[in-house]
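Student: I would like to learn how to read salt bridges in a model of a protein chain. Could you take me through a case, step by step?

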Amino acid sequence: MDLLNDVLADNDYPGRGVLWCTTGDGTTLGAYFLTGRSPASQARTLHRTNAGELIVIPSDAREHDHLRHYVAARQSPNGLVFGNGEQVSTVADRLASGQAPLLALDGLDYEPDPPIFTPRLTVIADNEGGQAWFGAARHSAGDRTATNRLALHISDLPPSEGVLMTTYHSNGQEVATGAPFTEIRTTAETRSDLLDELWSALPPHLRIAAAVFTAGDLAGSSIRQTSRTRV
């Protein structure tokens, strides 16, 4: 099991990512981050609303783009939902209506952005922090257009362990979709340590924003932004 820092340092362009882990002090945390290459992707901010949601919005006057601007995390009485696109709102609504996590994650599709076909990554975490369900809607490696839908149930993470999903993996020349999931170790002892570790591991010229939060207290999330963006 590799260190979070090493996994991200070995990826020249991770895109967007979701992380669920337990720090050394025993606190189970979620995290979400954004990196971007194009001016439109970099012109974004991760903003906490008055309702306590985390939303990705333009940092300039450009129009809404449903693939770049979305609710990234939403808290409800039935659990925390976070991920990399508009499906977060869909899954949160399903969960709030009483659907079980695996059903709430079903039926999602990858993003319509050929030729990469970015995966849609979503995490549901119970408000006690003991369990999390990861969902990934991915394009086939072949010519098949039907969506591959993967689900992963995580429980009872020991200190210093976690699970990471990223939309992309790059060797610096080519960009491909990321691995279905990666189990990681973290050296972080606290929430602030985890944000520091995550932020420092992202490519400095590509990083946009990152947030760390606990299930049941999304309003208390810790957010870091680049100087290119403004809240």
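Tutor: Let us begin with one pair in this predicted model: the side chains of Arg 74 and Asp 93 meet in a salt bridge, with 3.1 Å from N to O. This pair links distant parts of the chain, since Arg 74 sits in strand β6 and Asp 93 in helix α3 (residues 87–96), 19 residues apart.

Student: How do I decide that such a pair counts as a salt bridge?

Tutor: The general idea is a cut-off, namely that a side-chain nitrogen of Lys or Arg lies within 4 Å of a carboxyl oxygen of Asp or Glu. By this rule the chain has 5 salt bridges.

Student: Which other residue forms a salt bridge with Arg 74?

Tutor: Arg 74 also pairs with Glu 53, where the closest N and O atoms are 2.6 Å apart. Glu 53 lies in the loop between β4 (44–48) and β5 (54–58), 21 residues from Arg 74, and Glu 53, Arg 74 and Asp 93 are thus linked in a network of salt bridges.

Student: Are Arg 74 and Glu 53 buried or exposed?

Tutor: Burial is read from relative accessible area, with under 20% counting as buried. Both Arg 74 and Glu 53 are buried, whereas Asp 93 is partly exposed, with a relative accessible area of 47%.

Student: Where does the salt bridge of Arg 16 lead?

Tutor: The side chain of Arg 16 meets that of Glu 111, at 3.3 Å from N to O. Arg 16 lies in strand β2 and Glu 111 in the loop between α4 and β8, so the pair ties together parts that are 95 residues apart in sequence.

Key: Residues numbered from 1 in each chain as written. Predicted model: local features only at pLDDT ≥ 70, side-chain atom pairs only at ≥ 80, totals over all residues. Heavy atoms only, no water. Helix = DSSP H or I, 4+ residues; strand = E, 2+ residues; numbered from the N terminus. Buried < 20%, exposed > 50% of the residue type's maximum accessible area, 1.4 Å probe, protein only.
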